[in-house]
Structures are given as C-alpha cells and as structure tokens.
Amino acid sequence: YFFQIFDAFKSRLHDSNSKVNQAALEAMHRMIPLLKDNLSPVINMVIPALVDNNLNSKNPGIYEAATNVIQALCQHLDNYLLLQPFCTKAQFLSGKAKQDMTEKLA
C-alpha cells in the first residue's frame, strides 16, 4: 500500500494548480518526521517529483515549501538513502535547483 499511496501522492507534487502543489509539499514536510527511514522504499520516486519543478518554481511559496521538504529529508533520513537520488538530480538539473541540490550534497 505504501507504493500505491506515494504513487498517487507524487502526482500532487507536480500538480498544475499551485495551491494543490504547495499543499502537497507542506503535507510531505509534515510526513517526513513521522515516517523517517520508512520512506526508503519510495525515496527514488519522491525526490524527482519533489525536485524537478518545485526547486525552480517562480512561486515563492512553492519554492520555500520544496526547500523545507529537502531540509526535512536531510534531518530525518539516513544520508546514505539520499546520496544517490540527490547526485542524480544535481547532475541533470539547471538553475537554482542545481545550486540547491549541489549545496545539499556538499
């Protein structure tokens, strides 16, 4: 069920409605401390959905919510779980998102 829930949830992280997108990011931020390393099976699905559009968003609310989620991931998950997906994203992103992911990797 965990995969099914996050498979449905990840599309909200890409939603074209900015209010839905921001609400999903804020919900994700609240879920991370509760789920912690239990997110490991879905982390490779969640990080691309989280990072791709949201870290380069011109909407300040979406950008802030996305950076808060990234920060929560770094605080509550084993860094080993984040290394591969963060490296992959940093390699292929551009702009502010690339800078943010590179700083998190450092």
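## A tour of salt bridges and loops

Start by selecting Lys96, which is partly exposed with a relative accessible area of 40% (buried means under 20%, exposed over 50%, and partly exposed in between, using a 1.4 Å probe and protein chains only). You are looking at a predicted model, where local features need pLDDT of at least 70, side-chain atom pairs count only at pLDDT 80 or more, and totals for chains, interfaces and linings use all residues. Residues are numbered from 1 along each chain as its sequence is written, and side-chain values use heavy atoms, leaving out hydrogens and water.

A salt bridge here is a side-chain nitrogen of Lys or Arg within 4 Å of a carboxyl oxygen of Asp or Glu. Both residues sit in helix α6 (residues 95-105), four residues apart, about one turn of the helix. Helices are DSSP runs of H or I with at least four residues, numbered from the N terminus. Asp100 is buried, at 10%.

Next, select Asp52 and Lys89: their closest N and O atoms are 2.6 Å apart, in another salt bridge. Asp52 lies in the loop between α3 and α4 and Lys89 in helix α5 (residues 79-92), so this pair ties together parts 37 residues apart in sequence.

Stay in that loop and pick Asn54. Is Asn54 buried or exposed? Asn54 is buried, with a relative accessible area of 1%. Beyond its neighbours within four places in sequence, its contacts (heavy atoms within 4.5 Å) include Leu13, Asn21 and Tyr63.

Methods:
Helix = DSSP H or I, 4+ residues; strand = E, 2+ residues; numbered from the N terminus.
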